[in-house]
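Grab a viewer and work through the exercises below. Each one gives a task and then a solution in steps.

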Amino acid sequence: MEYKQIELKKGIKLHTINTNQFKTNLISIFITTKLNRENVTKNAVISAILRRGSKTMPSQEEISKQMEGMYGASFDCGLDKTGDNQVLKFYLETVNDNFLPQKGEDMLKTSMEKLLEIVFNPHIENESFKPEYVEQEKNNIKQRIEGKIDNKARYALDRCIEEMYKDAPFGLYKFGYVEDLESIDGKNLYEYYQELINTCKIDIFVSGMIEDDVNQVVTANENIEKLKERTPEYIVPKELNKNLPRQEKMITDSMEVTQGKLILGLDICLDKEDLRYDTLIYNSILGGSANSKMFQNVREKAHLAYVASSTYLRYKNNIFVNCGIEIGNYEKALKLIKQQIEDMKKGDFTEEDLQNAKKGMIAAIKTIDDEQDTGITYYFGQELSESDISVQEYMNKIEQVRKEDVVHIAENVTINTVYFLRD
Amino acid sequence: MQVIENLKVKEKVYTEKLENGLTVMIIPKKGMQKKYMIWGTHYGSNESSFVVPGEDEVTTVPNGVAHFLEHKLFEQENGTNSLDILTALGVEANAYTTNDHTAYLFECTDNFYKAMDELMNYVQHPYFTDENVEKEKGIIGQEIMMYDDYPEWRVYLNAMQAMYHKNPVKIDIVGTIETISKIDKDILYKCYNTFYNPSNMTMVLCGDFEPENIIEEVKKRLIDTKPSGEIKGIYPEEPDEIVQEKIEQKLEVSQPLYTIGIKDSGGCDVKKHIAIEILLNLIIGRSSNLYKELYNEGIIFAQPGLEYEFTNIYAHVLIDGQSNNPEKVYQKFKEEVNRLKTEGINEEDFTRMKKMIYGGYIKEYNDVADIAKMFLADCFKAINSFDYLEEIEGVTVEYLEQILKDVFKEEKMILSIVKN
């Protein structure tokens, strides 16, 4: 495995991960821009509209036919909040030439050209996205926004984040807002699109058995050629400290649910970047694995839940504790969860717990290169946070975490919001 | 050891049936850090009535036992829990239950042999007490309630109710609060002793292994067991007809969820599976006219899920997704099936779909976990996973048209909806 990056133009990078571990080549294009209320909905529509057609493949049907003919190339789009940024993601996965029945397909070159065209050379009529497509995709995004209630556990988490980050960018819903859709039309969306692709941060990733000329293919591509140099505006997610609320917020929503979803949003105050590694271990012991306090005490001993876990959102320095419980057990469960958080502060965990957490974490890091998309996500995370930590260094940092470091994190954890979704 | 190599995807599978009846499959992946081990029994929620080898009487147990066993096997006599021990080794351990099998697995980079010790130990040493069985009912109860809140699961399970009169596929894998309340340690031991005999089990290993060595490591860890005779599954006679064409449930969702089902008869046939995948893509796949029409009219906004589920005792086609007008999707789907039946299949579309399906099968071989799980699930259907790559070539337009006529019958179709 070999990772390289080159700057194609200021603000535009090509990253290559050369590996012979996979049957496929995976290309990703990431468009990163600042998250704000003004543009969040427009970005969502952009990510949808680009799937509808490009210069030489003017319809969705045409794109699909091309992909099917390329031995089922998988084309996919995603939209993510990464720290205070919104990232529009485009993926194309194709079978490597070595596993195709015919020789000489040059699938990597073809797929790179197709994906660049879809993202940077959309189907345009009279300086406008096709109005019919825009209306359909606005409707599509509306469904997505309204669809957030369908997955109750996910909804509870999103609501908790929204309450914690009221009036802050990170509280925004990644698909935007129904009321902001109205003013979007083909013309103003295309104007916005041009501004976006000429000012945003662009990262192109290729993972697979890469021929030497992939740089050449990208550099010489007409769609890359016409992009301007830029000083992209985005937020390097390095937030450490927080303005802590004076008291924890309690929020309860009602919905038709059989099981209550309880979420605790925790703030973590750090004074050094490297403390993030300690926090990863803290989270693992609190609720990150089957050995964790949450799993052992809330699920296995008290039998209050089937799901009892926690997740560390490193870019925002928050931990979310998450539990599905019987609604009548709310008080009991909340008390027990708070007890786990308190016990962490008291250092009530063993050296063995610490070692186990490290082993789990290191095993996960070791597999970064075994999964194509995980590899790309890792190097993109490095790129975005302007760090340059190799997989080996990452493991070393985890290895060095001591018990007192974890207790230090525990002492800096405060409950920001307790969110409960019930009937 | 039998070796089968597939030249298309350039992988090999080594298979050996041991003296005690256990089937072991090894798919070496040179250079991979990850190692994956999965051990499954050909026993899932379908089996609630059976004749234990050596007995004459039929045994019938409450629904949800296979899944209950999956939860309970982790518990050890010395008070430890194997999931904790595996997690402490830094490996990702898990287990799952389906309609036709239950599997125990782990994925790791280090400590492979220690994890193998633990996995093989706990699967071979059940320990059930009245107390630990009672305790589990609370946790599984929460799991059942969690599924009650998943509209995707409700719409699927209701589709089964609409298609099947008696077939066990209509039963929820986890059982119900009521059925699990009847489970006790004697039932668990009886089912364990019946279905966890090595001759009813398959183990798959995928990662950077030397097949000859790893098979010896497996043998070393097996306790002495004699293969048992055939376990006779008793399944209720299932009529060919569906139960009801339409079924609906209310749940708070933003937009209705639908599943269109087509009831077929049980059996495991790779070529037929490939044909149905191609047909579904021709009918309502991303490049189809029907998809374009429904999308442009704002009736659907994403590609529906397309699947053919089958075991020896049932088979059905499923098309699922969200729509503001599921009735219309259903109506149009039927019309498109009829159009295809009368007008025939376009040769160019067919060739393109074959390429797509071929690429799809190749992509299954990227990840050790996906590979091992695939070989295990296929093995319980008496299928060698490589067959998918080999059988595509033999699928012709004529064969597709035959399957279209035989399987996509209007009187076998159902529509399940979950909406506000």
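You're looking at a predicted model: local features need pLDDT of at least 70, side-chain atom pairs count only at pLDDT 80 or more, and totals for chains, interfaces and linings use all residues. Residues are numbered from 1 along each chain as its sequence is written, chains are lettered from A and ligands numbered from 1 in the order in which they are written, and side-chain values use heavy atoms, with hydrogens and water left out.

**Exercise 1. Describe the interface of chain A and chain B.**

Step 1: Count residues in contact (heavy atoms within 4.5 Å). Chain A puts in 62 residues and chain B 60 residues.

Step 2: Get the buried area, meaning the accessible area (1.4 Å probe) that two parts lose on being put together, summed over both. The two chains bury about 5,400 Å², with 50% of it on carbon and sulfur atoms. On the chain A side, K23(A), E68(A) and Y306(A) lose the most area to chain B, together 13% of what that side buries.

Step 3: Sort the residues of chain A that touch chain B by class: 18 are nonpolar, 24 polar and 20 charged. Ala, Val, Leu, Ile, Met, Phe, Trp, Tyr, Cys and Pro count as nonpolar, Asp, Glu, Lys and Arg as charged, and the others, Gly among them, as polar.

**Exercise 2. Work out the five-stranded sheet of chain A.**

Step 1: The 5 strands form an open sheet, 7-11-8-10-9, with mixed pairing; two strands pair if DSSP finds at least two bridges between them.

Step 2: Find the edges. Strand 7 (249-254) and strand 9 (305-313) of chain A each have a single partner strand, so one side of each has no neighbour in the sheet.

Step 3: Check the pairs around strand 10 (residues 318-325) of chain A. With strand 8 (residues 260-268) of chain A, strand 10 pairs in the antiparallel sense over 8 bridges, and L266(A) has I319(A) as its bridge partner. Strand 9 of chain A also runs antiparallel to strand 10, joined by 7 bridges, and here S310(A) partners V321(A).

Step 4: Look at the hairpin of strands 9 and 10 of chain A: 4 residues lie between the strands, and N317(A) takes a positive phi near 55 degrees.

**Exercise 3. Do likewise for the sheet of chain B.**

Step 1: Here 7 strands form an open sheet in the order 1-2-3-9-4-8-7, again with mixed pairing. Strand 1 (2-6) and strand 7 (92-97) of chain B are the edge strands, each pairing on one side only.

Step 2: Strand 1 of chain B pairs antiparallel with strand 2 (residues 11-17) of chain B over 5 bridges, with K12(B) as the bridge partner of E5(B).

Methods: Helices (H or I, at least four residues) and strands (E, at least two) are DSSP runs, numbered from the N terminus.
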